[in-house]
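Let's get to know a protein model together. Take a moment to look at the picture before reading on.

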Amino acid sequence: MKPPILLKLLQQISPKTSTRHSNSDVGFTIVEVLIVVLIIGILSAIAGPGWLAFTSRQRTRTVNDGVFRALKSAQSEAKLNKESRRVEFRSDTTANDPPRVDVRSPDNVPTGGFVADTDNNWESFSANGEIKPGMVKLVVGECTDETCGTVNTSTSITFNNLGAVDEEENSVPFVVTVSTQDDNLKRCVIVETLLGSMRTAEGDNNCPVPSS
């Protein structure tokens with residue numbers, strides 16, 4: 001008779017024990033919540049600057065690739081159509097950012113130059129709106145020597161009907177520098193020779209900024 005009695009006692013005690021444990025385990029304590037918040041804050045502080053640097057690099061790379069494609073396209077178009085093409089860049093970062101480019105025949109330059117905001121021929125480097133005003137700076141100029149020790153501001157370059165740089169309009173090297181507003185990250189496209197050969201580069205030593 002003893003075993004059945006013990007079994008009944010155990011069955012009566014066990015539900016009470018499990019109920020007691022389940023009630024005590026509901027929810028989190030304030031200390032646990034604070035620890036989780038602290039860990040998230042530490043991880044954000046570590047990962048945040050790295051993510052911002054990554055996005056800045058992507059933006060400068062995107063605009064710089066756009067500059068290179070615009071120059072190459074204009075050069076190819078000039079050779080294909082046997083007609084000069086002038087490439088103008090907007091370098092006023094305050095009013096005209098994100099940077100823009102205009103490609104057309106020099107004979108079709110509108111009155112007052114390329115600066116009219118109503119001219120729909122301007123094409124933005126905004127990457128479908130992902131690059132907002134103030135994120136990327138574009139500066140354009142001609143080097144006065146082969147090492148680009150001194151750079152003069154010049155916002156356009158003209159390719160003749162052979163795809164070469166028009167000597168009457170431009171000197172080389174011709175540099176388009178893309179950077180963040182603080183100039184910490186720089187990329188550039190350099191038209192090196194009168195024949196129109198060009199390359200890309202990055203960094204302070206390789207991407208001169210024209211004097212204003």
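Here are some questions and answers about this model.

This is a predicted model, in which local features need pLDDT of at least 70, side-chain atom pairs count only at pLDDT 80 or more, and totals for chains, interfaces and linings use all residues. Residues are numbered from 1 along each chain as its sequence is written, and side-chain values use heavy atoms, leaving out hydrogens and water.

Q: Which strands stand at the edges of the open sheet of 4 strands?
A: Two strands pair if DSSP finds at least two bridges between them. The order in this sheet is 3-2-1-6, with antiparallel pairing. A single partner leaves one side of an edge strand without a neighbour in the sheet, so the edges are strand 3 (123-124) and strand 6 (156-159).

Q: What is the bridge partner of Arg 100 in strand 3?
A: Strand 2 (residues 100-104) and strand 3 run antiparallel, joined by 2 bridges. In strand 3, the partner of Arg 100 is Ser 124.

Q: Which ring does the charged end of Arg 90 sit over?
A: A charge sits over a ring if NZ of Lys or CZ of Arg is within 6 Å of the ring centre and within 35 degrees of the ring normal. For Arg 90, the charged end is 4.4 Å from the centre of the ring of Trp 122.
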